[in-house]
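Welcome, and thanks for taking a look at this one with me.

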Amino acid sequence: AIGRIVKKHPGKFLGLATLPLQDPQAATQELERAVRELGLHGAVSYTSVQDRDLDAEELWPFYAKAEELNVPIIVHPVNTGPIAGGWRLTRHYKTRGYGFWSAMGNPIENSIALANLMFGGVLDTFPKLRFCFMEGGATQIPHLMDSLYAVYQAEGDYDRLKTRPKREPVAYLDRLYFSIRPTESLLGVLVEHYGHQSWVVG
């Protein structure tokens with residue numbers, strides 16, 4: 001249905017493919033069909049695949065295909081599977097009517113996913129592959145970049161670091177994107193320090 005809408009209204013919509021990443025071979029084949037036959041523009045992934053982080057080597061053929069097709073991977077956290085903080089973010093929803101999975105869980109999940117992609121070698125192995133992280137905002141990026149730099153430098157508790165990315169963490173922002181709210185109070189700081197190219201509204 002999405003493919004039909006995209007083809008009927010060219011230039012107005014960008015279609016994304018939801019793929020069976022628990023079966024990387026099937027996901028790779030479906031991504032190629034979605035892009036070449038259906039005209040879709042990217043793939044959607046959670047911040048983990050079952051119990052695997054996004055740097056799992058089983059997923060690398062999928063990344064290779066996305067890079068070959070020159071389509072981005074849209075990373076979107078969900079609260080229906082494993083999420084950092086777990087029940088502590090959701091336990092009051094039923095009794096008090098509020099939870100924190102979006103406000104706190106999503107930024108944490110995105111940060112963990114990005115760290116694994118960076119330190120697990122995915123960003124270096126596939127240097128043209130782009131990722132966009134949704135629903136987490138962007139105001140955590142300065143702290144995240146500083147924290148990952150400490151890991152990269154093998155400071156303190158990280159002195160046993162065996163492998164590191166080829167570039168400093170902030171250098172990968174040239175192909176990383178983050179959804180923002182136009183009302184974010186630190187948006188000006190983000191643009192001032194990191195430029196304007198990494199932020200999308202959504």
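1. Where is the place of Gln50? You will find Gln50 in the loop between strand S3 (48–49) and strand S4 (52–53). Please keep in mind as you look that this is a predicted model. Gln50 counts as exposed because its relative accessibility is 54%, and the cut-off for that class is over 50%. The backbone is worth a glance too: phi of Gln50 is near 55 degrees, a positive value in a residue other than glycine. Most residues other than glycine have a negative phi.

2. Glu135 also has a positive phi, near 65 degrees, and is likewise a residue other than glycine. Look for Glu135 in the loop between strand S6 (131–133) and helix H8 (141–152). With a relative accessibility of 41%, Glu135 counts as partly exposed.

3. How far can you trust the model? The protein chain has a mean pLDDT of 90, and 99% of its residues reach 70 or more. Confidence is highest in helix H3 (residues 60–69), at 98. The lowest mean, 77, belongs to helix H4 (residues 87–90), so please read that helix with the lowest confidence in mind.

4. Now for the overall picture. Nine helices and eight strands make up the secondary structure of the protein chain. The radius of gyration is 18 Å, close to the 17 Å that the globule rule gives for 202 residues, so the protein chain is as compact as a globular protein of that length. Its C-alpha trace spans about 50 × 45 × 35 Å along the principal axes. Among contacts with a separation of 6 or more, 70% are between residues 24 or more positions apart.

5. What lies inside, and what faces out? Of the 202 residues in the protein chain, 44% are buried. The chain exposes about 11,600 Å², and carbon and sulfur atoms supply 53% of that area.

6. Do visit the largest nonpolar core, which has 49 residues. Tyr63 and Phe131 are the residues with the most contacts inside this core. Tyr63 is in contact with Phe131 itself, and also with Leu54, Ile73, Leu117, Val122, Phe126 and Leu129, once neighbours within four places in sequence are left aside. In soluble globular proteins, nonpolar side chains tend to be buried together.

7. Is Lys65 buried or exposed? Lys65, found in helix H3, counts as buried because its relative accessibility is 13%, and buried means under 20%. The side chain of Lys65 makes a polar contact of 3.2 Å with the side chain of Glu68. Not counting residues up to four places away in sequence, Lys65 touches Thr28, Leu31 and Glu32.

8. Let us follow one of those contacts to its other end. Thr28 lies in helix H2 and is buried, with a relative accessible area of 13%. Beyond its neighbours within four places in sequence, Thr28 is in contact with Pro61, Phe62 and Lys65.

9. One last stop is Asp23, in the loop between strand S1 (16–18) and helix H2 (24–36). Asp23 counts as partly exposed, at 38% relative accessibility. Asp23 and Glu58 are 35 residues apart in sequence, and their C-alpha atoms are 8.9 Å apart in space.

Note on methods:
Residues are numbered from 1 along each chain as its sequence is written. This is a predicted model: local features need pLDDT of at least 70, side-chain atom pairs count only at pLDDT 80 or more; totals for chains, interfaces and linings use all residues. Side-chain values use heavy atoms; hydrogens and water are left out. A nonpolar core is a set of buried Ala, Val, Leu, Ile, Met, Phe, Trp, Tyr and Cys residues joined through side-chain atoms within 4.5 Å. Buried means under 20% relative accessible area, exposed over 50%, partly exposed in between (1.4 Å probe, protein chains only). Contact means heavy atoms within 4.5 Å. pLDDT is the predictor's confidence in each residue, from 0 to 100. Helices (H or I, at least four residues) and strands (E, at least two) are DSSP runs, numbered from the N terminus. The radius of gyration is taken over C-alpha atoms; the globule rule is 2.2 Å times the number of residues to the power 0.38. Accessible areas come from the Shrake-Rupley method with a 1.4 Å probe; for residues, only the protein chains shown count as cover. A polar contact is a pair of N or O atoms within 3.5 Å; within protein, one must be able to donate a hydrogen and the other to accept it, and residues adjacent in sequence count only if both atoms are side-chain atoms.
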